[in-house]
Each structure stands twice: as structure tokens, then as C-alpha cells.
Amino acid sequence: MNEMKEATRIGSAIEQIDDVLHQKARLAIMASLMAAGELDFGALKRNLSLSDGNLSTHLAVLERNGFVLIRKEFVLRKPLTTIVPTEKGRYAFERYVEALEAVLQSMKEAKG
């Protein structure tokens, strides 16, 4: 019976994990942005070893969900794309980390 309660608790904790952020590249993007505050496209691409297309695709998902703001401007007549986490994105990332911590804690408690 106790095993069933623990499995239910772990399952409940896992349900709190945000599927948008749980993808490896998007998690890496958000973690980088949370640490730096904002990054340009080139820096994200280099730091995460992603292709232009792959990074663009994941940024589009994050932008569509309201987690990042993408600013495009020209600096010295060169295009510059800067990515900034939104308040919603920061909040979602913090909840994601809390959900992972809850899963880990539930697993530790289940082991005894």
C-alpha cells in the first residue's frame, strides 16, 4: 500500500514538469538565458552547439509560449538578434526546477 502511495506521489510530481521546457535544447536555452539575463543568437548557437535552424526552431517554440522575447536590430549596419527571457519564462523555469526537485525528493523518500 505504501509503495502505491509513493508511486502516486512521484507521478503527481512528474505531472508538474513543463513539457515545453523539458526538451533538452529548450532547457539548455532557458538555463543559459536565466544565467546570463540575455544572449545574442550567435552566443547561444556557439555555447549550445546548435545549428541555426535547430536554434531557430526551439526559439520559435519558446517565443510562441511566451517564455522569451526575441529582439532584432541593426548594430553598425549588422543584424543582431538578442533573446531575453520574459517574466512568464522566468516563472516557468523556476517552476520547472521546483518540479524536478519534487520528483527527486519523492524518489529519495520512496527509497527510505
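Helices here are DSSP runs of H or I with at least four residues, and strands are E runs of at least two, both numbered from the N terminus. What you're looking at is a predicted model, where local features need pLDDT of at least 70, side-chain atom pairs count only at pLDDT 80 or more, and totals for chains, interfaces and linings use all residues. Residues are numbered from 1 along each chain as its sequence is written, and side-chain values use heavy atoms, leaving out hydrogens and water.

Let's start with the overall layout. The protein chain has six helices and three strands, running in the order α-α-α-β-α-α-β-β-α. Its radius of gyration, taken over C-alpha atoms, is 17 Å, whereas a compact globule of 112 residues would be near 13 Å (the globule rule being 2.2 Å times the number of residues to the power 0.38). The C-alpha atoms fill a box of roughly 65 × 25 × 20 Å along the principal axes. Of the 112 residues, 33% count as buried; buried means under 20% relative accessible area, exposed means over 50%, and partly exposed is in between, with a 1.4 Å probe and protein chains only.

Now for the salt bridges, that is, a side-chain nitrogen of Lys or Arg within 4 Å of a carboxyl oxygen of Asp or Glu. The whole structure has four of them. In one, Arg 71 pairs with Glu 38, with the closest N and O atoms 3.4 Å apart. Arg 71 sits in strand S2 and Glu 38 in the loop between helix H3 (24–36) and strand S1 (39–40), so this pair ties together parts that are 33 residues apart in sequence. Arg 71 is partly exposed at 33% relative accessibility, and Glu 38 is partly exposed at 39%.

Over in helix H6 (residues 87–111), Glu 98 and Arg 95 are three residues apart, which means about one helical turn separates them. They form a salt bridge too, with the closest N and O atoms at 2.8 Å. Asp 52 and Lys 45 make another, at 2.7 Å from N to O.

The loops have something to show as well. Most residues other than glycine have a negative phi. Ser 49, though, has a positive phi near 55°; this residue lies in the loop between helix H4 (41–48) and helix H5 (52–64) and counts as exposed at 67% relative accessibility. Arg 77 also has a positive phi, about 65°, without being a glycine. Look for Arg 77 in the loop between strand S2 (68–75) and strand S3 (78–85), where this residue is exposed at 80% relative accessibility.
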